[in-house]
Amino acid sequence: MKWNIKKLNVSDLIEYKKNPRILTKKGLSDLKKSIKTFGIAEPLVVNTDNTIIGGHGRKKILTELKIDVVDCYVPEEKLNEKQFEELCIRLNKNI
């Protein structure tokens with residue numbers, strides 16, 4: 001599978017309703033501090049329809065910080081439901 005980096009509007013990114021990661025207040029606060037310090041060091045991962053696979057917390061913080069455009073990894077071909085769900089779990093596994 002091949003991926004490309006594209007600049008996308010944060011407002012166009014769609015949150016995946018079944019995101020397996022639980023976003024805590026502390027986690028979001030820590031993420032906000034990190035983004036303020038280092039910026040977005042890792043692009044968000046989205047499907048071709050702009051649905052977020054990995055990066056829900058980053059999207060939330062980018063919106064709060066009024067950052068309008070972000071780099072995203074986008075597959076050359078749309079992931080099917082099974083591929084999407086498997087990758088979402090792998091990217092969002094809480095360790």
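User: How accessible is Asp49: buried, partly exposed or exposed?

Analyst: This is a predicted model, and in it Asp49 has 33% relative accessibility, which lies between the 20% and 50% cut-offs, so Asp49 counts as partly exposed.

User: And what does Asp49 form a salt bridge with?

Analyst: Asp49 pairs with Lys78, with 3.6 Å between the closest N and O atoms. Because Lys78 sits in the loop between β4 and α3 while Asp49 sits in the loop between β2 and β3, the pair ties together parts that are 29 residues apart in sequence. Lys78 itself is exposed, at a relative accessible area of 52%.

User: How many salt bridges does the structure hold?

Analyst: There are six salt bridges, and one of them joins the side chains of Glu15 and Lys59 at 3.9 Å, N to O. Glu15 belongs to the loop between β1 and α1 and Lys59 to helix α2, so this pair connects parts that are 44 residues apart in sequence. Glu15 is partly exposed at 42% relative accessibility, whereas Lys59 is buried, with a relative accessible area of 13%.

User: Which residue forms a salt bridge with Glu64?

Analyst: That is Lys32, and the closest N and O atoms of the two are 3.1 Å apart. Glu64 is in helix α2 and Lys32 in helix α1, so the pair links distant parts of the chain, 32 residues apart. Glu64 is partly exposed, with a relative accessible area of 42%, and Lys32 is also partly exposed, with 25%.

User: Back to α2, then: which of its residues are buried?

Analyst: The buried residues of α2 are His56, Gly57, Arg58, Lys59, Ile61 and Leu62, and their cover includes α1, β2, β3 and β4. After α2 comes Lys66, which has a positive phi near 60°.

User: Changing topic, how are the rings of Tyr16 and Phe84 arranged?

Analyst: They make up the one aromatic pair in the structure. Their ring centres are 4.6 Å apart and their planes stand at 70°, so the pair is edge-to-face. Tyr16 is in the loop between β1 and α1 and Phe84 is in helix α3, so the pair ties together parts that are 68 residues apart in sequence. Tyr16 counts as buried at 17% relative accessibility, and Phe84 is buried too, with a relative accessible area of 7%.

User: Last one: what lines the largest pocket?

Analyst: The largest pocket holds about 340 Å³ of space and is lined by 17 residues, with Arg21, Leu31, Gly57, Arg58 and Asn92 nearest its centre. Helices α1, α2 and α3 each supply at least two lining residues, and by class the lining has six nonpolar, eight polar and three charged residues.

Notes. Residues are numbered from 1 along each chain as its sequence is written. This is a predicted model: local features need pLDDT of at least 70, side-chain atom pairs count only at pLDDT 80 or more; totals for chains, interfaces and linings use all residues. Side-chain values use heavy atoms; hydrogens and water are left out. On a 1 Å grid over the protein atoms alone, a cavity is a set of points where a 1.4 Å probe fits but cannot get out, and a pocket is an open set with protein on both sides within 12 Å along at least five of seven lines; lining residues have an atom within 4 Å of a point. Grid points are joined across faces, edges and corners, and a volume is the space filled by probe spheres set on the points. Helices (H or I, at least four residues) and strands (E, at least two) are DSSP runs, numbered from the N terminus. Ala, Val, Leu, Ile, Met, Phe, Trp, Tyr, Cys and Pro count as nonpolar, Asp, Glu, Lys and Arg as charged, and the others, Gly among them, as polar. Buried means under 20% relative accessible area, exposed over 50%, partly exposed in between (1.4 Å probe, protein chains only). Contact means heavy atoms within 4.5 Å. Rings of Phe, Tyr and Trp (its six-membered ring) pair if their centres lie within 6.5 Å; planes under 30 degrees apart count as stacked, over 60 as edge-to-face and the rest as tilted. A salt bridge is a side-chain nitrogen of Lys or Arg within 4 Å of a carboxyl oxygen of Asp or Glu.
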